[in-house]
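Colleague: Please take a close look at one part for me. I would like to hear about a single chain and its contact with its partner.

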Amino acid sequence: MANRNWVGFFTVLKREIGRFLSLYKQTILPSIITAALFLFIFGYALGSRIETIKGFPYLHYILPGLSMMAVINNAYSNTASSLFQAKQLKFLEDILIAPISATQASLAYILGGATRGFINGSIILLMGTWLFDIQMHSILLSLSLIAVVSIAFSSIGLIFGIRADNFDQVMVLVTFLITPLVYVGGVFYSIDMLPKMVRGLSMFNPLYYMVNGLRYGTLGTFDTSPVGSIFMALALTAISFGISVYLFWKGWKIKD
Amino acid sequence: MTDTNETPAIQIRGLKKWYGEFQALRGVDIRIEEGEFYGLLGPNGAGKSTTIHVLTGLANFSEGQVEVFGHNVVSDFRYTRSRIGLAAQEFNFDRFFTIERLLIFQGGYFGLPKQRATERAEELLKQFGLWEKRNQDSRKLSGGQKRRLQIAKALVHQPPVLILDEPTAGVDVELRHMLWDYLRELNDRGVTILLTTHYIEEAEQLCERVSVINRGEIIADGSPEELTDQMGGGCIELQLDEPIETLPETLNGFDASLEDNFIRIRVEQPNKAVQEVMNSLNDADLGVYEMRIRESSLEDVFVRLTGRTMAEEATDGQP
């Protein structure tokens with residue numbers, strides 16, 4: 001069959017996007033409400049006591065981090081839980097028996113989750129910049145970075161969705177790794193405000209680079225080189241995407 | 001390669017599969033001609049599902065050659081998978097969508113453009129009496145409706161080979177007969193069918209050829225008639241006037257079993273053996289209240305080969 005069955009690929013992608021859009025109360029609204037609450041609490045209530053960080057009002061400074069937090073959580077959760085449910089309820093078999101390659105199937109799952117991450121992150125960033133009248137440094141760079149990070153964490157979600165034997169295992173990474181790393185990744189502060197040793201530790205946090213990169217794209221300011229951040233985002237995407245496609249192809253935990 | 005009459009629909013040679021130390025398939029050979037109605041029987045854990053999973057891409061395998069219409073299921077998976085429809089025993093419906101939508105998606109996975117998939121979904125939902133339920137989620141369907149949906153799902157892309165794993169498990173007699181008629185009709189239209197079943201009547205009624213698989217090996221292969229002639233052996237069942245404690249010595253030459261006042265004797269040709277059995281009981285002074293003769297059946301072949309009855313398998317096999 002010379003036909004690569006792109007219809008099959010787009011059907012899986014459409015199914016993935018259709019699933020989270022039909023569940024928008026669980027998949028889109030919560031992160032927007034959370035970001036709004038953070039902006040209100042930290043930005044207005046507490047932020048009024050902080051004058052500026054690197055010359056930007058605190059509210060402006062935390063916006064890119066909140067957007068990136070939504071990107072990471074949503075991209076990961078979508079693919080991890082969707083794949084896990086399909087595996088547990090066995091309707092993943094519908095895709096495994098279809099003439100769709102492992103690369104196509106995993107790519108469709110990843111892009112589906114990445115779309116959710118992108119929508120969430122973009123809405124928060126664009127609404128925030130509009131509401132607070134922020135002149136975006138580079139909208140193209142910001143949205144590109146959101147897209148790349150969405151793909152990276154959606155791929156990581158695929159790996160953990162494949163690996164998980166129960167729903168706790170799907171969420172354990174979010175609770176114990178992603179959320180803490182995002183919080184200490186400079187969402188609410190500049191690492192320049194930290195003691196030297198802690199600052200050094202932050203450099204080992206990959207999520208710090210994502211936040212730093214988006215802050216550069218949005219405000220034009222940065223703690224460390226934006227080029228390094230973009231490189232880190234691309235490297236994380238390449239590695240996680242490669243691993244997830246390989247696992248799908250091997251059929252680890254999804255085939256007999 | 002093209003789908004010619006000479007090329008079998010399914011050809012499996014020397015198929016081996018290990019799960020760690022455990023060898024699930026020990027060199028399975030199966031050849032199913034195009035248009036054949038073929039049954040795969042065997043105890044639970046014998047390798048039926050693993051074989052089906054290898055054919056459909058749900059399982060990797062360690063050794064052997066597996067082809068569908070002459071195309072390798074690994075190197076040419078797009079070709080082979082597009083020609084197979086699988087109705088798994090366990091219901092596996094995408095519960096985020098209505099049953100019409102999930103059939104349309106299923107068509108899409110197999111490369112049908114949206115309009116064609118929508119038409120096929122409508123045809124199948126009407127054909128299987130599910131059209132009224134099209135906007136419902138699969139969880140709201142009854143067991144019989146789910147079974148019909150499971151088969152409809154396998155047929156969306158009109159595959160020339162249909163694989164059914166226990167297609168009538170848990171359905172009532174009326175639906176079972178309706179499904180049999182439908183499967184016969186599909187087979188008459190040229191669809192090659194491979195089914196696994198625990199219902200002996202199903203295999204006898206539908207299959208032109210059956211194989212018995214046990215411990216990962218095919219141990220018998222032929223038409224139901226051939227197998228029963230070669231290996232079946234019938235049975236004489238006797239209900240005695242009075243219960244007895246042990247079998248009389250006069251029946252020592254027979255393969256007989258006793259339960260209260262009920263004796264079951266397995267024989268090659270029941271009608272020829274009746275007189276001899278009656279004489280033996282007379283010699284032992286035992287009166288017979290009722291006698292039944294059961295001709296050889298596929299059930300006997302199964303019991304003889306695997307040491308288990310199909311009914312035991314059906315009970316054990318419930319998910």
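Modeller: Chain A has 11 helices and two strands. Here helices are DSSP runs of H or I with at least four residues, strands are runs of E with at least two, and both are numbered from the N terminus. This is a predicted model: local features need pLDDT of at least 70, side-chain atom pairs count only at pLDDT 80 or more, and totals for chains, interfaces and linings use all residues. Residues are numbered from 1 along each chain as its sequence is written, while chains are lettered from A and ligands numbered from 1 in the order in which they are written.

Along the sequence, the pattern of chain A reads α-α-α-β-β-α-α-α-α-α-α-α-α. Its radius of gyration is 19 Å, close to the 18 Å from the globule rule for 256 residues, so chain A is as compact as a globular protein of that length. That radius is taken over C-alpha atoms, and the rule is 2.2 Å times the number of residues to the power 0.38. The C-alpha atoms of chain A fill a box of roughly 60 × 35 × 35 Å along the principal axes.

Now the contact with chain B. Chain A gives 24 residues and chain B gives 28 residues. Two residues are in contact if their C-beta atoms, placed from the backbone, lie within 7 Å. On the side of chain A that touches chain B, α1 (6-22) and α5 (92-96) of chain A each supply at least two residues. The largest share of that side, seven residues, comes from α1(A).

Within chain A, take contacts between residues at least 6 apart in sequence: 83% join residues at least 24 apart.
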